[in-house]
Amino acid sequence: MHPVNWIIVIVYLVYVVGDGIRRSRGTTDVEGYFLAGRSLPWWAVGLSVMATQLSAVTMIGTTGQGATDGMRFVQFYFGLPIAMIILGVTIVPLLRGAQVFTAYEYLERRFNAPTRSLTAFLFLCSRGMSCGAIIAAPAVVFSAVFGWDIPYTVALIGIPTIIYTMIGGVQAVTWADVKQMVLIVAALFAIVIVLLVRIPVSPAGALHIAGAAGRLKTFDFSFNLTETYTFWSGILGGLFLMLSYFGTDQSQVQRYLSARSVSEARTSLLMSAYWKIPLQALVLLIGVLVFVFYIFQRPPLLYNPAHESAVRAAAPSELVALETKYEAAWSQREAAARALAAAGRGSSVAQTAAAAFRSREAEVSAVRSDALELAGTVTDESSRDVNYIIPQFVLSQLPLGMAGIFIAAIMAAAMSSIAAELNSLSTSTVVDFYRRWYRPDASQAGLLVVSRLATGFWGIVACVVATYAATLGSLIEVVNRFGSFFYGSILGVFLLAMVPFARGWPAFIGLLAGMSAVAAVSFGAPDVSFLWHNVIGALTVLLVGMLLSALTGRGSTLLPGDASARTQ
Amino acid sequence: MSHPGGAARSDDAGGHADTAPPGEFRRTLVRVMTMQVIALALLWLLQEWFSH
């Protein structure tokens, strides 16, 4: 990368860390460190919620997915606005009213200490691992693109984030998120403008080409439980996933607990509801436009430069043969695309041009598939070539300076997600375990020191996990699968908390039953796509918890917000 | 506990109360849902207009 681009990245890193340290001034207690004294404005919390959810995977993987698979992934978010509205009138006032630090703290007041500790423990295990995966995803890509060893790229992303999160707490995290979100959106719009300028056909022609290749197909109304991205899995499965994520995951709950009031917390969630689908559509559209761009500008056969080098060294003759075939297929596809763009829509000429283009596109895809298979055989690892499409485009096609801004935006996306995770991991460690079980009478100054140490500890854990996860691709899948076992189940416990006659131990057993049910469907008994796992987990907990509560009698319960509830 | 920043917390006082005008939340809700319908309609038009 050009030195000017590196200077932009370094200036950004120094600024984020410096600003984080500046924000730490005046923080004297854990409420200030973890919740900013519940004093943040709605727009800052809203941008922080969006920045936390928009990770480097979105910037790299989702854009790449747009290029190879089109717009249909946006269906994943169809349930989000409804989830935000439901949370705004249920969980937000419930948790804000209870004046808790963590979502799990509320479960002890409503049910019992074991339910709180188990949910908090599951959160720590899952988020500790997934935080590593969040660092690993861009670290692997940067490693391949820049030719650095993975520990260095992990450190480049991880260490600045640990420093400003550890010192500045949630104040630093939230205000860094605000600036990072602005940087990310600016970079996304800039890349759209560059693409529209550089694609040699009109925007309408570009969309005709994308449409003919199936990249603009967004809606799939088939009701198929094994298909991941359909309208129904997005609306129903996505609704439960978003309810679980935004309603029970401490990394999100902590964002709106730091808002000034219930109404500002609600508004911050509605801000996310307002912008999420348009923003995600924009991210995918960038991928679609990059696909169209590479129809007119010959791309590498393999986008992953590390795999390309490995294949060239191990199987040079096979690679050259594939490249020759690719060159011919690509040239024919380019000619077909120009004819399609000129034909417009509706006429029989356009239909013929579209059919010819699709046929050429299939030939190019077939050669690419052969190349990916060869790379997989040579390197003995999954290629994940899709994750390298955007970095390759950014570094080879964007003008000087803009590549640096986009790389800084990818780092911003990673850092905003990691910072929120570290902050919430530290909160749960200190509030749900250290202060609850070990030092209930600890002083504010002592808790503040422990909180900063806990943030640093989880940061180091995340970096270590990232370093190993980067080389063990299947580990990330195991971690994700493990995480999905209890996401919906924890939501089920919170839903159960709103049932007046539900009781402590039935809730605990229900949680175990929900996790078991999700584990069963995860291993194919029966086979159900992962977006439905949260629905199954939540409903199982709710049914088992209600049934056992009804069977074991209606004992005394602590209703939400009960003043006699214990406070830790 | 102290509250650095000292910002207003009126609608948290006493637990679940929310002093925001009910009409304001409804209006925000209508705006959010209108935006979603428009976004989905645009995506639908994009899909249908440019499919061959």
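This is a predicted model: local features need pLDDT of at least 70, side-chain atom pairs count only at pLDDT 80 or more; totals for chains, interfaces and linings use all residues.
Q: How many helices and how many strands does chain A have?
A: The secondary structure of chain A includes zero strands. Its helices number 22.

Q: Why is chain A described as being as compact as a globular protein of its length?
A: The globule rule gives 24 Å for 568 residues. The radius of gyration of chain A is close to that value, so the chain is as compact as a globular protein of that length. The C-alpha trace spans about 75 × 50 × 45 Å along the principal axes of chain A. The radius of gyration itself is 25 Å.

Q: What percentage of the residues of chain A count as buried?
A: A residue is buried if 20 or more other C-beta atoms lie within 10 Å of its own. Among the 568 residues of chain A, the share that counts as buried is 59%.

Q: Are α3(A) and α9(A) roughly parallel or roughly perpendicular to each other?
A: Helix α3 of chain A covers residues 42-53 and helix α9 of chain A covers residues 150-198; they pack with their axes 8 Å apart, at an angle of about 70°. Angles of 65 to 115 degrees count as roughly perpendicular. The two helices α3(A) and α9(A) are therefore roughly perpendicular.

Q: Which residues of α9(A) make the contact with α3(A)?
A: On the side of α3(A), the contact involves A44(A), V45(A), L47(A), S48(A), M50(A), A51(A) and T52(A). By class, the contact has eight nonpolar, four polar and one charged residues. From α9(A) come T174(A), W175(A), D177(A), V178(A), Q180(A) and M181(A).

Q: What distance separates the end C-alpha atoms of helix α16 of chain A?
A: Helix α16 of chain A has 32 residues, 348-379, and at 1.5 Å a residue it should span 46 Å. The distance between its end C-alpha atoms agrees with this, being 46 Å.

Q: Is F25(B) buried or partly exposed?
A: F25(B) is found in helix α1 of chain B, residues 22-49. Within 10 Å it has 18 other C-beta atoms, whereas a buried residue has 20 or more. F25(B) is therefore partly exposed.

Key:
Residues are numbered from 1 along each chain as its sequence is written. Chains are lettered from A and ligands numbered from 1 in the order in which they are written. Axes are lines fitted to C-alpha atoms, for helices over the stretch in contact, and angles run from 0 to 180 degrees between N-to-C directions. Helices (H or I, at least four residues) and strands (E, at least two) are DSSP runs, numbered from the N terminus. Angles under 35 degrees count as roughly parallel, over 145 as roughly antiparallel, 65 to 115 as roughly perpendicular and the rest as oblique. Two residues are in contact if their C-beta atoms, placed from the backbone, lie within 7 Å. Ala, Val, Leu, Ile, Met, Phe, Trp, Tyr, Cys and Pro count as nonpolar, Asp, Glu, Lys and Arg as charged, and the others, Gly among them, as polar. The expected span of a helix is 1.5 Å times one less than its number of residues. The radius of gyration is taken over C-alpha atoms; the globule rule is 2.2 Å times the number of residues to the power 0.38. A residue is buried if 20 or more other C-beta atoms lie within 10 Å of its own, exposed if 12 or fewer, and partly exposed in between; C-beta atoms are placed from the backbone.
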